Amino acid sequence: MDLSLLVIQMLNGLQLGLLLFLVASGLTLVFGILDFVNLAHGALYMLGAFFCATLTFALGNFLLAVVVSIPIMAAVGWVLERVLAQPLYARNHLDHVLGTFGAILVIDTLVHLIWGPEGIQVPLPDYLEGQVPLWGDVVVPTFRLLIIGAGLGAAGLLFWLVNYTRLGMLIRAGASNRTMVSALGINIEMLFALVFALGAALAGLAGMLIAPITEASIGMGNNIIITAFVVIIVGGIGSMKGAFIAALMIGLIDTLGRSFLDDIFKLAMSTESAETSAPAVSAMLIYIIMAAVLAFRPQGLFPPKVR
Amino acid sequence: MAALLDISGLNKSFGGIKATDDLNLSVEPGELHAIIGPNGAGKTTLISQLCGLQRPDTGVIRFKGRDVTHVPPHRRARLGMTRSYQITSLIMEMSVRDNIALAVQAREGHAFRFIAAARKDPGLREQADALLARVGLQAKADMKTVALSHGEHRHMEIAIALASQADLMLLDEPMAGLGTEETNAMINLLKGIKGQHTILLIEHDMDAVFALADRISVLVYGHIIATGTPDDIRGNEAVQHAYLGEDA
Amino acid sequence: MTRKTWITLAAMVALAALPPVFYWTGNAFYLDLATRLTILAIAAVSLNLILGYGGLISFGHAAYLGLGAYAVGIPAYHWLYDGIGDWATNGFVHIGLAVAITATFALITGAICLRTRGVYFIMITMAFAQMIYYLIVSIETYGGDDGLVIDTRSEFPGLNLDDPLQLFGLAYVSLVVVMLLVKMIVNSRFGMVLQAAKGNNERTVTLGFNTYIYQLFAYVISGAIAGYAGALLGNFTTFISPEMMDWRTSGELMFMVILGGTATILGPVLGSAAFILLEEILVDSLTWVEHLLDGIWGMKIELSNYWHLPFGLLLIIIVLYVRGGLMGLINRKED
């Protein structure tokens, strides 16, 4: 097996895992603290990509567009929380799911109205278009290194936020005992809106980072949301640590699986059957993993302590 | 006569808290055995372990001579153990009769029937109605459970326990939340069924306990500190200390 | 007879009588609408068995619909292009395959999903359905993303499914049978346990019922019925696409159930009708506005493409303000 290909694919898997973490962390935070199932989280990912794309053209600079888009996405998250999430808190999870499902339809159509049916290619500045040699034949596109860096940076920031700040303490407290926190006089409404906005910013950031590679398109949110669900199920719904580990796991398994499963199969079966079955199995791989994890631990790998 | 229920060396901890501490208890067939104790003594945890919703850390629970410590809850019900709930746990959206009929159905054991309408099954209906009559609720059989009062819900709990014709009835604070009149009604009801069934009664209401119990065990910090007849317990110093503090 | 029974009979008679009338008066489009509505109603009724009566919020029901459709499409494809035997277009084979495959899938995934509760259950059912979606998309032979176009229909002795009226007839009769079947199951001893588990699972367990097994049974039956509906759908559209099993289709099925009301057998049927008619009404209204704007101000906007916007808004409003669905609204006057 080609070592440099393995390294490259591992970096790709890491990148995918980090992006998944950005999306999943918001989802798990919102569920853990607000007890709210947000199907429309994928739409936030998509909106981040579109806002950033438009701003890149308007401002002429991708990185500047990202920096400006992040607070915009936080604001969008804030609005969504006030308008849609808040009336639904008192309801059961089914209503959350159906309400946010309706929201996806609305947001997808609005995007279609505003930006048209085609996707948008996001141009990168020259210094991000290049490649960085690592060693030997291994070359990595500069932008992918940026994504990995940004992903790790965001993860580190979240870790610091949750463990070392007052807001983080409220988040952890709220996750394990919502009523106590509000009884202590903390403005729960503000906390909820902040958490939602944070989640939206993270998801939006992920969308912004992937857009130059895969283009900003309307369907992108609907695909990522399911994978994000798989991540938080495997990691344990409500757990940041679980989301991080599961996201990396799934990113790596999915990427490496797609690249190398047919080679692995060829060790055990004929070339022809390997080549027909490998794509099918690799498409299902992360779900098979999910099922395997659930068979032994229905609450996920690192479920948060229940109150 | 061999004990119907024999608990030995039961232990259960939650984190740093020992909810059940080397608990030993035996219940003789036909008796009404009451468990009393101050708040936080671990009564709910004990019931949970007895009916199988929680597993003890160590210890053995023997029912009819058989080790049931690891048997799942639905199986224990089939073996002849039934439990009523302190906090009313009925199926609120269904009718009163439906709730009792379900318990009858559970005992009959033919629940994988897809064709015949259960509500029209004469056998189930008659038995459910008879049980409702015994607890005085026959007039309300068709009403939705959620419409009944708290006291009536407690009576339904007893009817469900009776429906199972269980060998051992675990009654978790049947008097919970009842006023004086309702409590007297419940005491009379229990007097009526006592003797035909073996009952392990968890209760706070001392009058009721002393009126009903053949034997009483006192549970303090997860451990049984005394077992005996009502008179024995009334005079027991350790029990008085547990309830009233060292200055009593 | 109760009001509920009257309404059910009236609705089913209307459903039987109106579409043929439309067809004979030259409005074949409405017959098609009715056929699609009826087939989706079958899937919705099956979903209601586990959702409304069982309390299991399955967000992956479209997988069964899609699997059933491909159970028709794939054999037909091989018959068309690989020249395999005529058994591949036999309707009984199609139905047998559809039911067997969906029942098996329901058994395996249900066994896993039912060990979880609440949100986990919702997400896991969604994930498994998506797994099937990606599986089908990955198989190039059967069209992948683009789907399968199958020009042929299931062959049943004495039945010509190319005739839209006969196809509607089959769908209608199937719906009636399914409704009676679900009604029977729900009111049986089995059904009592299922409903009790929805209301209070722990209590039902301590009474002596292994609720996991009951729910699994219901889950498999529900999936198999939806698989049958899928086989009908495959016959109806002759274009079989992975979109049929996408989680958004699951969401639409769920909406039909909620919209119609989960407490009755007829509810999902009304929900299916309302859902499909709503789509038509919105597209027609938007087209009308389009013409208006064009006529008065010369503005050319393709509004009708954006019907999902008012649709989504309506769905949100329904979730927020309409409890008990359409049947709830109708029955409320009875109280």
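Q: In the hairpin of β4(B) and β5(B), which residue takes a positive phi?
A: This is a predicted model, in which local features need pLDDT of at least 70, side-chain atom pairs count only at pLDDT 80 or more, and totals for chains, interfaces and linings use all residues. Residues are numbered from 1 along each chain as its sequence is written, while chains are lettered from A and ligands numbered from 1 in the order in which they are written. The hairpin has 2 residues between its strands (DSSP runs of E with at least two residues; helices are runs of H or I with at least four, and both are numbered from the N terminus). The residue with a positive phi, near 50°, is Lys64(B).

Q: In β5(B), which residue is the bridge partner of Arg62(B)?
A: The strands β4(B) and β5(B) pair in the antiparallel sense over 2 bridges (pairing requires at least two bridges found by DSSP). Within β5(B), the partner of Arg62(B) is Asp67(B).

Q: In β4(B), which residue does Ser8(B) stand opposite?
A: Strand β1 (residues 5-14) of chain B runs antiparallel to β4 (residues 58-63) of chain B, and 5 bridges join them. One bridge sets Asp6(B) against Arg62(B). In the same strand β4(B), the residue opposite Ser8(B) is Val60(B).

Q: What is the order of the strands in the open sheet of chain B?
A: The sheet has 4 strands with antiparallel pairing. Its edge strands, which each pair on one side only, are β2 (17-27) and β5 (66-67) of chain B. The order is β2-β1-β4-β5.

Q: What angle does the direction of helix α1(B) make with that of β2(B)?
A: Among the strands at the edge of the sheet is β2(B). Helix α1 (residues 43-51) of chain B packs on the sheet and touches β1, β2 and β4 of that chain (residues are in contact if their C-beta atoms, placed from the backbone, lie within 7 Å). Axes are lines fitted to C-alpha atoms, for helices over the stretch in contact, and angles run from 0 to 180 degrees between N-to-C directions. The angle with β2(B) is about 60°.

Q: Which element gives the most to the side of chain B that touches chain C?
A: The contact takes 27 residues from chain B and 21 from chain C. The elements of chain B that give two or more residues are α2 (73-79) and α3 (96-108). With 5 residues, the element that gives the most is α3(B).

Q: How far apart are the nearest C-alpha atoms of chain A and chain B?
A: There are 2 pairs of chains in contact, and chains A and C share the most contacts. Chain A and chain B do not touch. Their nearest C-alpha atoms lie apart by 12 Å.

Q: How do the residues of the side of chain A that touches chain C divide into nonpolar, polar and charged?
A: Here 35 residues of chain A are in contact with 36 residues of chain C. The elements α4 (93-115), α10 (220-235) and α12 (271-296) of chain A each supply at least two residues, and the largest share, 16 residues, comes from α4(A). Ala, Val, Leu, Ile, Met, Phe, Trp, Tyr, Cys and Pro count as nonpolar, Asp, Glu, Lys and Arg as charged, and the others, Gly among them, as polar. The residues divide into 27 nonpolar, 6 polar and 2 charged.

Q: What is the radius of gyration of chain C?
A: The secondary structure of chain C comes to 13 helices and 2 strands. For its 335 residues the globule rule gives 20 Å (2.2 Å times the number of residues to the power 0.38, with the radius taken over C-alpha atoms). The value for chain C is close to this, so the chain is as compact as a globular protein of that length: 21 Å.

Q: Against which helices of chain C do the buried residues of α6(C) pack?
A: Helix α6 (residues 164-187) of chain C has 24 residues and reaches 35 Å from its first C-alpha to its last, close to the expected 34 Å (1.5 Å times one less than the number of residues). Its buried residues include Leu167(C), Phe168(C) and Val186(C); buried means that 20 or more other C-beta atoms lie within 10 Å of the residue's own, exposed 12 or fewer, and partly exposed in between, with C-beta atoms placed from the backbone. The helices they pack against are α1 (3-24), α2 (28-53), α7 (189-199) and α9 (211-237).
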